[in-house]
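Student: I would like a close look at one part of this structure and at how that part sits against the rest. Please take it step by step.

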Amino acid sequence: VPLNNGDVLEFGICKDDSDTIREGRISMKPTKEQNALVKGCQVGTTLLIEDGLMEVKVVERCSDTELKVQIVRGGLLKARKGVNVPDIEIDCAALTEKDIEDAE
């Protein structure tokens, strides 16, 4: 999906299996970590996508699971790319349950 500088689009947690990344929407699987990430964002928060290659800024907080973001630095977004929010601390453990299981 192309992300064009200046565009405003939806950014949030998948509502169901058919709610995938598409033009006008970036969606993430409803994990504990992703829910905490979106919940921790406020207007003005910067989100970095795909190791910082793309950047969006929150322009509206619709709910604990939905945001409106403006593209600051666009690119071609593919599925399963990471999202990093360097300016906030999320209310979530650093290690996921899977990380702990893998370490055992």
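Which residues of α1 are buried?

Tutor: This is a predicted model, and what follows is computed from it. The buried residues of α1 are Ala36, Leu37 and Val38. They pack against β2, β3, β4, β5, β6 and β8. To see what that involves, start with the sheet.

The sheet is open and has 6 strands, in the order β3-β2-β6-β5-β4-β8, with mixed pairing. β3 (25-28) and β8 (83-84) are the edge strands; each has a single partner strand, so one side of each has no neighbour in the sheet. Helix α1, residues 32-40, packs on this sheet and touches β2 (8-13), β3, β4 (46-49), β5, β6 and β8. The direction of α1 makes about 135° with that of β2.

Now the pairings within the sheet. β2 and β3 are parallel and share 4 bridges. β2 and β6 are antiparallel, with 5 bridges between them. β5 (residues 54-61) and β6 (residues 66-73) also run antiparallel, joined by 6 bridges, and a hairpin of 4 residues connects β5 to β6.

Phenylalanine 11 can be followed across these pairings. Its bridge partner in β3 is isoleucine 26, and in β6 it stands opposite leucine 67. Beyond its neighbours within four places in sequence, phenylalanine 11 is in contact with Arg25, Ile26, Met28, Val38, Leu47, Thr65, Glu66, Leu67, Val69 and Val83. That list includes Val38, one of the buried residues of α1. Phe11 and Leu47 have the most contacts inside the largest nonpolar core, which has 19 residues. At least two residues of this core come from each of β2, β3, α1, β4, β5 and β6. As a general point, nonpolar side chains in soluble globular proteins tend to be buried together.

Arginine 25 is in strand β3. Its relative accessibility is 1%, so it counts as buried, the cut-off being under 20%. The side chain of arginine 25 makes a polar contact of 2.9 Å with the side chain of glutamate 66. A polar atom of the arginine 25 side chain also lies 3.3 Å from the backbone oxygen of isoleucine 13. Both Arg25 and Glu66 are among the contacts of phenylalanine 11.

Because its relative accessibility is 15%, glutamate 55 counts as buried. Apart from residues up to four places away in sequence, glutamate 55 touches Thr46, Leu47, Leu48, Gln70, Ile71, Val72 and Arg73. Leu47 is on this list and also on that of phenylalanine 11.

Lysine 68, in strand β6, gives a further view of the sheet. Lysine 68 is the bridge partner of glutamate 10 and of glutamate 60. Leaving out neighbours within four places in sequence, its contacts are Val8, Leu9, Glu10, Lys57, Val58, Val59, Glu60 and Cys62. Its relative accessibility is 27%, so lysine 68 counts as partly exposed. Between C-alpha atoms, lysine 68 is 8.4 Å from glycine 12, although 56 residues separate them in sequence. Arginine 25 and lysine 68 are 43 residues apart in sequence and 9.1 Å apart by the C-alpha to C-alpha distance.

The cysteines complete the picture. The disulfide count is 0. Cysteine 41 is in no disulfide, and the nearest cysteine sulfur to it, that of cysteine 62, is 12 Å away; a disulfide would need the sulfur atoms within 2.5 Å. Cysteine 41 has 0% relative accessibility and so counts as buried. Cysteine 62, at 41% relative accessibility, counts as partly exposed; it is also one of the contacts of lysine 68.

Note on methods
Residues are numbered from 1 along each chain as its sequence is written. This is a predicted model: local features need pLDDT of at least 70, side-chain atom pairs count only at pLDDT 80 or more; totals for chains, interfaces and linings use all residues. Side-chain values use heavy atoms; hydrogens and water are left out. Two strands pair if DSSP finds at least two bridges between them. Contact means heavy atoms within 4.5 Å. Axes are lines fitted to C-alpha atoms, for helices over the stretch in contact, and angles run from 0 to 180 degrees between N-to-C directions. Buried means under 20% relative accessible area, exposed over 50%, partly exposed in between (1.4 Å probe, protein chains only). A nonpolar core is a set of buried Ala, Val, Leu, Ile, Met, Phe, Trp, Tyr and Cys residues joined through side-chain atoms within 4.5 Å. A polar contact is a pair of N or O atoms within 3.5 Å; within protein, one must be able to donate a hydrogen and the other to accept it, and residues adjacent in sequence count only if both atoms are side-chain atoms.
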